[in-house]
Amino acid sequence: MQQAEIMQRVVGILTEAVEMRRQLRENPDAEMALTGSISALLVETLPKINLPSDASAQETTDIITEALAPAIVTLSNCFSYAFVHLAEVHDEGRTDTSTADVLQALALQFAPRDGA
């Protein structure tokens, strides 16, 4: 999965979270069902790891760390990037732009381009 697609998914997860929070604010007693979008993203981005049956504990740790690190870094970067954009709008005191607007702009920024 490419970083732009991961960013699109992160924006979707954050948009979903904003909507869930809005619904809970309006109806605090409502029960919200989780959609599993974070789990789905993890399943799609984290690699499958095959460990040798004779691997030591240290070798196992090294193999898992090496396999998972790139995906975890990419996911962390995408969530951090979205957070910073939202935080900048907040810190600027902008009242003309909502969280949904910022997330929509991010989604468009990372949307696939025709011919790309």
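A33 is exposed, with a relative accessible area of 63%; exposed means over 50% relative accessible area, buried under 20%, and partly exposed in between, with a 1.4 Å probe and protein chains only. A33 sits in the loop between α1 and α2 (37-45), where helices (H or I, at least four residues) and strands (E, at least two) are DSSP runs numbered from the N terminus. This is a predicted model, in which local features need pLDDT of at least 70 and side-chain atom pairs count only at pLDDT 80 or more, while totals for chains, interfaces and linings use all residues. Residues are numbered from 1 along each chain as its sequence is written, and side-chain values use heavy atoms, with hydrogens and water left out.

**Positions and C-alpha distances**

- Between A33 and M20, which are 13 residues apart in sequence, the C-alpha to C-alpha distance is 9.2 Å.
- Q2 belongs to the segment before α1 (3-26) and is exposed, at 61% relative accessible area.
- The C-alpha atoms of Q2 and T74 are 9.5 Å apart, although 72 residues separate the two along the chain.
- V102 is part of helix α4 and counts as buried, because its relative accessibility is 8%.
- From V102 to P70 the C-alpha separation is 27 Å, for residues 32 apart along the chain.

**Salt bridges**

- How many salt bridges does the structure hold? There are 5, a salt bridge being a side-chain nitrogen of Lys or Arg within 4 Å of a carboxyl oxygen of Asp or Glu.
- One of them links R22 to E19, with the closest N and O atoms 2.3 Å apart.
- R22 and E19 are 3 residues apart in helix α1, so about one helical turn separates them.
- R22 also forms a salt bridge with E26, where the closest N and O atoms are 2.6 Å apart.
- R22 and E26 are 4 residues apart in helix α1, so here too the separation is about one helical turn.
- R22 is partly exposed, with a relative accessible area of 33%, and E19 is partly exposed at 30% relative accessibility.
- E26 counts as exposed, because its relative accessibility is 58%.
- R94 forms a salt bridge with D96, and their closest N and O atoms lie 3.1 Å apart.
- R94 is partly exposed, at 38% relative accessible area, whereas D96 is exposed at 57%.
- Through salt bridges that share partners, E19, R22 and E26 are joined into one network.

**Aromatic pair**

- A pair of aromatic rings is described by the distance of the centres and the angle of the planes.
- Rings of Phe, Tyr and Trp (its six-membered ring) pair if their centres lie within 6.5 Å; planes under 30 degrees apart count as stacked, over 60 as edge-to-face and the rest as tilted.
- The count by this rule is 1 aromatic pair.
- That pair is Y81 with F110, which is edge-to-face, at 5.7 Å centre to centre and 90 degrees between the planes.
- Why does the pair tie together parts that are apart in sequence? Y81 lies in helix α3 (residues 57-91) and F110 in the segment after α4 (99-109), so the parts it ties together are 29 residues apart in sequence.
- Y81 is partly exposed, with a relative accessible area of 32%, and F110 is partly exposed at 22%.

**Negative surface patch**

- Which residues form the negative surface patch? D54, E59, D62 and E66 form it.
- Patches are made of residues with over 30% relative accessible area and no salt bridge; like charges are joined within 9 Å, and nonpolar side chains (Val, Leu, Ile, Met, Phe, Trp, Tyr) within 5 Å.
- Asp and Glu count as negative and Lys and Arg as positive, while His and the chain ends are not counted.
- The place of a charge is taken as CG of Asp, CD of Glu, NZ of Lys or CZ of Arg.
- Accessible areas come from the Shrake-Rupley method with a 1.4 Å probe, and for residues only the protein chains shown count as cover.
- E66, one of the patch residues, is found in helix α3 and is exposed, with a relative accessible area of 65%.
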